[in-house]
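Reader: I have a chain to go through before I set anything up. Can you put it on screen and take some questions?

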Amino acid sequence: QWQLFFVMFSALAIRVNLDNESLQDKKMFDIMMLVLQFLAPAVMAANNLRVLRNGNIRERLEEAAAEAVQEHGGALVRDLVE
């Protein structure tokens, strides 16, 4: 949502076309727009890589619970439920 807000705000700034802008200001504006556009996809990609590398936590918990049931014959599960 923040990304959309800043993109729309930037579009408004472009539309208004304020005078007295230097080339350095325009370059900084372009850099900030690029960062804003690619920040959310980069965060999502990093999270997906983390999940792929570490595995899904839910899958790990389900595997651990299945192993506990096999080792303890379900006694551990009954104790947890009660």
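Reader: Which residues form a nonpolar patch on the surface?

Author: Trp2, Phe5, Phe6, Phe9, Leu12 and Val16 form it, and together they have about 670 Å² of accessible area. Keep in mind that this is a predicted model.

Reader: Where do Phe5 and Phe9 sit?

Author: Both are in helix H1, 4 residues apart, which is about one turn of the helix. An α-helix has 3.6 residues a turn, so residues three or four places apart point the same way. Phe6 is in helix H1 too.

Reader: What span should H1 have, and how far apart are its end C-alpha atoms?

Author: Helix H1 covers residues 2–16, which is 15 residues, so at 1.5 Å a residue it should span 21 Å. The end C-alpha atoms are 21 Å apart, in agreement with that.

Reader: What follows H1?

Author: Asn17, with a positive phi near 55 degrees.

Reader: Change of topic. What is the secondary structure of the chain?

Author: It comes to 4 helices and 0 strands. Along the sequence the pattern reads α-α-α-α.

Reader: What share of the residues counts as buried?

Author: 5% of the 82 residues. The chain exposes about 7800 Å², and carbon and sulfur atoms supply 63% of that area.

Reader: And Phe38, where is that?

Author: Phe38 lies in helix H2. Phe38 and Gln3 are 35 residues apart in sequence, but their C-alpha atoms are 9.5 Å apart in space.

Reader: Which element has the lowest mean pLDDT, and which the highest?

Author: Helix H4, residues 75–81, has the lowest at 55, while helix H2, residues 23–54, has the highest at 84. The chain averages 76, and 82% of the residues score at least 70. Where pLDDT is low, the predicted coordinates should not be read in detail.

How values were computed: Residues numbered from 1 in each chain as written. Predicted model: local features only at pLDDT ≥ 70, side-chain atom pairs only at ≥ 80, totals over all residues. Heavy atoms only, no water. Helix = DSSP H or I, 4+ residues; strand = E, 2+ residues; numbered from the N terminus. Expected span 1.5 Å × (residues − 1). Patch = residues over 30% accessible without salt bridge, like charges linked within 9 Å, V, L, I, M, F, W, Y side chains within 5 Å. Areas by Shrake-Rupley, 256 points an atom, 1.4 Å probe, with all protein chains shown as cover. Salt bridge = Lys/Arg side-chain N within 4 Å of Asp/Glu carboxyl O. Buried < 20%, exposed > 50% of the residue type's maximum accessible area, 1.4 Å probe, protein only. pLDDT = per-residue confidence, 0-100.
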